[in-house]
Amino acid sequence: MFYPGQASFEWVQNGKTHGGARPLTKGGDSCMTCHAAELEAIGNKIVAGGETEPTPIPGKRGIINTTIQAAHDDENLYVRVQWPDAPHNPAPFVDGGKMDPDNQVKVAMMIAGTGIEMGETTGCWASCHADNTYMPFDPGAEAIAGNADVAGRLEATDTITKYLTESRTKVEVKGRRGKAQGGWDKLKSADEISQLFEDGTYLDLLRVYADGTSSNGYLLERRIVNDGEMSAEANLSAGIWTVVFSRPLNSGAPGDIPLEPGKTYTVGFAIHDDYAAARFHHVTLNTSLALDDDTAQINVTKQ
């Protein structure tokens, strides 16, 4: 898992900033196609500071070598994530050096639904926009408060959470003539967003926190927690973090994407390590997951 800095969904589609933009947007290549073998180099370069990381954290590691295992029985999916702990490196732009002092680590798994632009080729990158928290075009509290209708619908005050392009009437990608990239305030109508949700156009989002608590929700127009069925545990032992979580294969609950034999799903994982928050995480590229299928990168085997 590597450190992505401020490389947003807009950034990866823009040929001025990302050399692989055309193969991605026009050729249908996935992120893995070009970058699978160079994630260590990418992570170490970005974390050191530069165009895609204007606020580096001294000492923060560029990659986390992570083991992800998955299994299922007749009813549930089980996932185990393990990685080595590392010394604390304070964030110089936060009082006390810890962005999320209550959580030394957080682990997230996203499962892509249907109808998401480049959802299969980019995975959870489809929700990471240039106007999210700590991103280059984060609008800030004053601008958010100045658009009371949209802010109220997004339940936003200081910052904008991740969202899908499909939930907006327009998302600025190129940023020509000084336009801000992203589309946080171009929110579609409530009826349109409800229809997207009914159609399965969202990212199923499972999160586990350092104390073993968890949340089950989804990403569409914003990040939503819907209290779907989920269990989890987390512990640090002998310098290794182990996070285990489970959820029903098919709960039938809104926001839970059913996992069925014979289908391949695009997933993404993220680790917020060392009290990190927002974009200061480590992530996977688009990753395939399937039940009892050894052609998938994550083969969820029957136990």
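Visitor: Which residues does Gln181 touch, not counting residues up to four places away in sequence?
Guide: The model is a predicted one, in which local features need pLDDT of at least 70 and side-chain atom pairs count only at pLDDT 80 or more, while totals for chains, interfaces and linings use all residues. Residues are numbered from 1 along each chain as its sequence is written, and side-chain values use heavy atoms, with hydrogens and water left out. With contact taken as heavy atoms within 4.5 Å, the residues that Gln181 touches are Glu10, Asn14, Ala130, Asp131, Phe137, Glu172, Val173, Lys174 and Gly175.

Visitor: Is Gln181 buried or exposed?
Guide: Gln181 belongs to the loop between helix H7 (148-154) and helix H8 (190-198); helices (H or I, at least four residues) and strands (E, at least two) are DSSP runs, numbered from the N terminus. Buried means under 20% relative accessible area, exposed over 50%, and partly exposed in between (1.4 Å probe, protein chains only). The relative accessible area of Gln181 is 13%, so this residue is buried.

Visitor: How far from a polar atom of the side chain of Gln181 does the backbone oxygen of Val173 lie?
Guide: A polar contact is a pair of N or O atoms within 3.5 Å; within protein, one must be able to donate a hydrogen and the other to accept it, and residues adjacent in sequence count only if both atoms are side-chain atoms. For the backbone oxygen of Val173 and the side chain of Gln181, the distance is 2.8 Å.

Visitor: In what sense do strands E1 and E2 pair?
Guide: Two strands pair if DSSP finds at least two bridges between them. E1 (residues 67-72) and E2 (residues 76-84) have 6 bridges, and Gln69 stands opposite Arg80 of E2. The two strands form a hairpin with 3 residues between them, and the sense of their pairing is antiparallel.

Visitor: Which residue of E12 stands opposite Ala71?
Guide: E1 also pairs with strand E12 (residues 298-302), in the parallel sense and over 2 bridges. In E12, the residue opposite Ala71 is Thr301.

Visitor: How many residues apart in sequence are the parts tied together by Lys302 and Asp74?
Guide: A salt bridge requires a side-chain nitrogen of Lys or Arg within 4 Å of a carboxyl oxygen of Asp or Glu, and Lys302 forms one with Asp74, the closest N and O atoms being 2.9 Å apart. Because Lys302 lies in strand E12 and Asp74 in the loop between E1 and E2, the pair ties together parts whose separation in sequence is 228 residues. Lys302 is partly exposed at 43%, whereas Asp74 is exposed at 64%. The separation asked for is thus 228 residues.

Visitor: Are Asp204 and Arg247 buried or exposed?
Guide: Their side chains meet in a salt bridge at 2.7 Å, N to O. Asp204 lies in strand E4 (residues 203-209) and Arg247 in strand E8 (residues 240-248), so this pair ties together parts 43 residues apart in sequence. As to accessibility, both Asp204 and Arg247 are buried.

Visitor: How many disulfides are there?
Guide: A disulfide is a pair of cysteine sulfur atoms within 2.5 Å. Cys31 is in none, its nearest cysteine sulfur being that of Cys34, 8.6 Å away. Cys31 counts as buried at 11% relative accessibility, and Cys34 as partly exposed at 42%. The count of disulfides comes to 0.
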